Amino acid sequence: MTNIFFILLALLVMLYLWGKRKHSYWERRGIRSLPGLHWFFGNFKDAVLMRKSSGMLIGDLHKQAADEDDVVGIYILHKPFLLVRNPELIKQMLIKDFHMFPNRHFSAQSTIDEIGSSSLFSISNPKWKHMRTKMSPVFTSGKLKNLFLLMVESAESMGAYLRDQFKGDSKVASFNVKETFYKYTTNVIASMAFGICINSFDTPTPEFYTNSVIAFQQNFLRSVRFFFLFFFPNIGKYFGLKMLGEQTNYFRRVFWNSMDNRRFSKKKRGDLIDSLLQLKNEDATNEIFQFEGDTLIAQAAIFFAAGRETSITTMTYTLCELAKKPEIQKRLRREILEKIEAANGAVTYEAVQDMKYLYQVVSETMRLYPPAPLIDRVPLEDYTFPGTKITVEKGTPVYIALYGLHTDPRYHSNPTTFDPDRFSDERKNEMLPCTFMPFGEGPRNCIGSRLGYLQTAVGLISILQDYEVALNPSWLSTVDKRNVFTTPPMGFQLDLKKI
C-alpha cells in the first residue's frame, strides 16, 4: 500500500513539474505572460469550470495586460496561445500578411462528422478560397433585397405572435426574447439555406423548427465537446460531436429534397441552395475540389447556425440595452417611425438602409456583446511581426479577444458605456482601424455580415415600432457561461408595453 502511495505521489509531482515547464513557454521566448497561473488550468480555470464564458474570459485577460503589451502569452490548460492586443499588429496579421494566417485554429474537424468538418467556417486553404468565391454572389445587394421581403414577412408573423402574449386589456406582457427570435430567424435562414418555407410561429410547431432547436441545444456534454473542438481540435475531433447532432439525417433529407426540386425547376431564386447546386455541377469533374454530399450540406448548416445565432444575440442584447436606456430607446423609435412614414407606412429595404441611428445602436451592441468574441488564426510558418522581436512558431494559435479589444480604454472612451453616438458620422472616424470588428477583418471576414445586419434590423423594427421594451424582474444572467460564443441564456425575459 505504501508503494502505491509513493508511486501516485511521484506521478503527481511529475505532472506538476511538467505543467510548470509547459507554462514557461512564453517566458523562454521573451514574451510576457499574465500572473496568477494555475499549474493545471493555466489562465482558464473559470472557463473550464464553467464559471465564465470562454470568450468573455479571454477578453478579461486582454484587459489584465499592461498598456504597453502589444501581445501577451496565455495558457489554456498547458497549451500556449498568443493574444494580440495592438491594432497595428492585428491589421498586419489579418490583412497585410493574410497569406501567412489564412486558417483558423478552430477547425471543427470530427472523425464522424463530415458536415461539421467541411463548412466554409472551418475548412482551410485552398478549399476555403474556392468555396468563398463561389458563394459570394449570394450576398449581393440584389439578392439581399429579395431576402428582405422574406424577413418582413417573418417579422409580421412575429408581430402577430407578440400581440397574442397580451392577456385581455393588459398593456404589458412578458416574452421569452431568445425563443421568439429563434422562431423569427429560423423562418428566414431556413428558406435561404435549406430552400423551404415555414412559419415557426404556427401551432403546432413545425417539425423543422423543433428539430433545429434540438440540434443546436446547448447541454453540459455538448459544451465540453465544443470546448475541446475550439481550443484543442486535435483532441476534440475524437469526441464524437456532430454539428447537427442526432438530427443530422433529418436535415440531410430536407436538404436533398430541396436540391432535387431545384434541379428540375427552371425558376432560380438566387439563394444559397441555387449556389450550392451550381457549385456541385461546376466542380463535378474537378479533381481538387469535390464539393458534393455532406460537403454541400455543411455550407447550408453553418449558415443556418451562424446566421441565426449572431442575429439572435445582437437583437436580444440590443433590446436589453434599450430597456436600460429609455432615452436612447425613444430616439431610436422616433427614427424608425419617421422613416416608415416617409415610405408610405411600409418597412422597405431603402427605409431600413436610411435608418442611421439604428445602425449606430446595433453597432454599439456588437461592440459590447460581440457574438463571436474570438478571432483565431494559425501561422503557416514561423512568423515575426514586422518591426518587432515578436516571433510566433508555426502552428501556434493566435487570438484576438474582441470583448477585450472593443472595451479597451486606449481605443474607446468610456468603454463600458452604451453610447451609439460613437458610431455617428461626426465621431466614427475617431475609431482606429481594427479596434472594432464584430464580423472579423480582412479576406476571411464574415461573408454574411450584411445579411446578418439586415435580418437584425428588421426584427428590431418590428418590435420597436409597436412597443416599449423594459427589463423583466425575473431576467436571468446576461451571458450563457457554458458557451464559447456570446449568447444569452434560453430563458431570457423582457417586458413589452403597448404604445
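Me: How many cavities of 30 Å³ or more does the count come to?

Reply: Please keep in mind that this is a predicted model. The general idea is that rolling a probe the size of a water molecule over the atoms shows where empty space is left. In this structure the count comes to one cavity of 30 Å³ or more, and the volume of the largest cavity is about 60 Å³.

Me: Which residues line the largest cavity, and which elements give two or more residues to the lining?

Reply: The lining of the largest cavity consists of Thr 310, Ser 311, Thr 314, Val 362, Met 366, Pro 371, Phe 439, Gly 452, Tyr 453 and Thr 456. Two or more residues of this lining come from each of α15 (294-324), α18 (356-368) and α20 (449-464). Sorted by class, the lining of the largest cavity holds five nonpolar and five polar residues, with no charged residues.

Me: What is the volume of the second largest pocket, and which element gives the most to its lining?

Reply: The second largest pocket has a volume of about 840 Å³ and is lined by 33 residues, of which Tyr 359, Ser 363, Met 366, Phe 423 and Phe 436 lie nearest its centre. The elements giving two or more residues to this lining are α5 (87-96), α17 (349-353), α18 and α20, and α18 gives the most, with five residues. By class, the lining of the second largest pocket divides into 18 nonpolar, eight polar and seven charged residues. Met 366 is named in the lining of the largest cavity and also among the residues nearest the centre of this pocket.

Me: Is Tyr 399 buried or exposed, and which residues is it in contact with?

Reply: Tyr 399, which is found in strand β7 (residues 398-401), is buried because its relative accessible area is 0%, and buried means under 20%. Leaving aside neighbours within four places in sequence, the contacts of Tyr 399 include Ile 58, Ile 76, Phe 81, His 105, Phe 230 and Asp 376.

Me: At what angle do α15 and α16 pack, and which residues make the contact?

Reply: In general, two packed helices are described by the angle between their axes and the distance between the axes. Here α15 and helix α16 (residues 326-342) pack at an angle of about 115 degrees, and their axes are 5 Å apart. On the side of α15 the contact is made by Leu 322, Ala 323 and Lys 324, and on the side of α16 by Pro 326, Ile 328, Gln 329 and Leu 332. The residues of this contact divide into five nonpolar, one polar and one charged.

Technical notes:
Residues numbered from 1 in each chain as written. Predicted model: local features only at pLDDT ≥ 70, side-chain atom pairs only at ≥ 80, totals over all residues. Heavy atoms only, no water. 1 Å grid on protein atoms, 1.4 Å probe; cavity = no way out; pocket = protein on both sides within 12 Å on 5 of 7 lines; lining within 4 Å. Points joined across faces, edges and corners; volume = space filled by probe spheres on them. Helix = DSSP H or I, 4+ residues; strand = E, 2+ residues; numbered from the N terminus. Nonpolar A, V, L, I, M, F, W, Y, C, P; charged D, E, K, R; others polar. Axes fitted to C-alpha atoms, helices over the stretch in contact; angles between N-to-C directions. Contact = heavy atoms within 4.5 Å. Buried < 20%, exposed > 50% of the residue type's maximum accessible area, 1.4 Å probe, protein only.
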